[in-house]
Amino acid sequence: MRIDPTKPVELKKQGQEQFKIRWEDGHESVYPFRYLRQNCGCAGCRSEITGEKLLNPETIPADLKGLKVELVGNYALHFVFSDQHTTGIYPFKVLRELCPCPECNSI
């Protein structure tokens, strides 16, 4: 049986500051909610045509909170942030690519 590194086996909101995913391959990713908001891929934050970021990440409040997390089918998560942004969908494949840990950032 093949292990899928983009399949979560545990999803856990850690307070209002961060979200943790443990992946099928055993890797754990911990995402600050501000980091997720800064990397939103919705049409308001990223050009649908070019993929270019439209959002200046520095405009996201340093004290941004994650208010709610919802599963979207079996492929993504939807977050509600304290700045009232609610339009982003984060596919698991994208979340794995966004992993902010030192191991993933050195690849």
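Let me start with terms: helices (H or I, at least four residues) and strands (E, at least two) are DSSP runs, numbered from the N terminus. Two strands pair if DSSP finds at least two bridges between them. This is a predicted model, where local features need pLDDT of at least 70, side-chain atom pairs count only at pLDDT 80 or more, and totals for chains, interfaces and linings use all residues. Residues are numbered from 1 along each chain as its sequence is written, and side-chain values use heavy atoms, with hydrogens and water left out.

Three strands make up an open sheet, in the order 1-2-3, with antiparallel pairing. Which strands stand at the edges? Strand 1 (8-14) and strand 3 (28-32) do. Each has a single partner strand, so one side of each is left without a neighbour in the sheet. From one strand to the next, the twist averages 15°. For that angle, axes are lines fitted to C-alpha atoms, for helices over the stretch in contact, and angles run from 0 to 180 degrees between N-to-C directions. As background, strands of a sheet pair through backbone hydrogen bonds, either parallel or antiparallel.

Now the pairs. Six bridges link strand 1 and strand 2 in the antiparallel sense. Within that pair, Leu11 stands opposite Ile21 of strand 2. The hairpin of these strands has three residues between them, and there Gly15 takes a positive phi near 65°. Strand 2 (residues 18-23) also runs antiparallel to strand 3, joined by five bridges. Take Phe19: its bridge partner in strand 3 is Tyr31.

Next, another positive phi. Most residues other than glycine have a negative phi, and most peptide bonds are trans. Gln84 is not a glycine, yet its phi is positive, about 75°. Where does Gln84 sit? In the loop between strand 5 (76-81) and strand 6 (89-91). Is Gln84 buried or exposed? Exposed, at 60% relative accessibility. The cut-offs: buried means under 20% relative accessible area, exposed over 50%, partly exposed in between (1.4 Å probe, protein chains only).

Cys99 is in no disulfide, and its nearest cysteine sulfur, that of Cys104, is 3.6 Å away. Cys99 counts as buried, at 1% relative accessibility. Cys101 is in no disulfide either; the nearest cysteine sulfur is that of Cys104, 3.6 Å away. Cys101 is buried too, with a relative accessible area of 17%.

Conventions
A disulfide is a pair of cysteine sulfur atoms within 2.5 Å.
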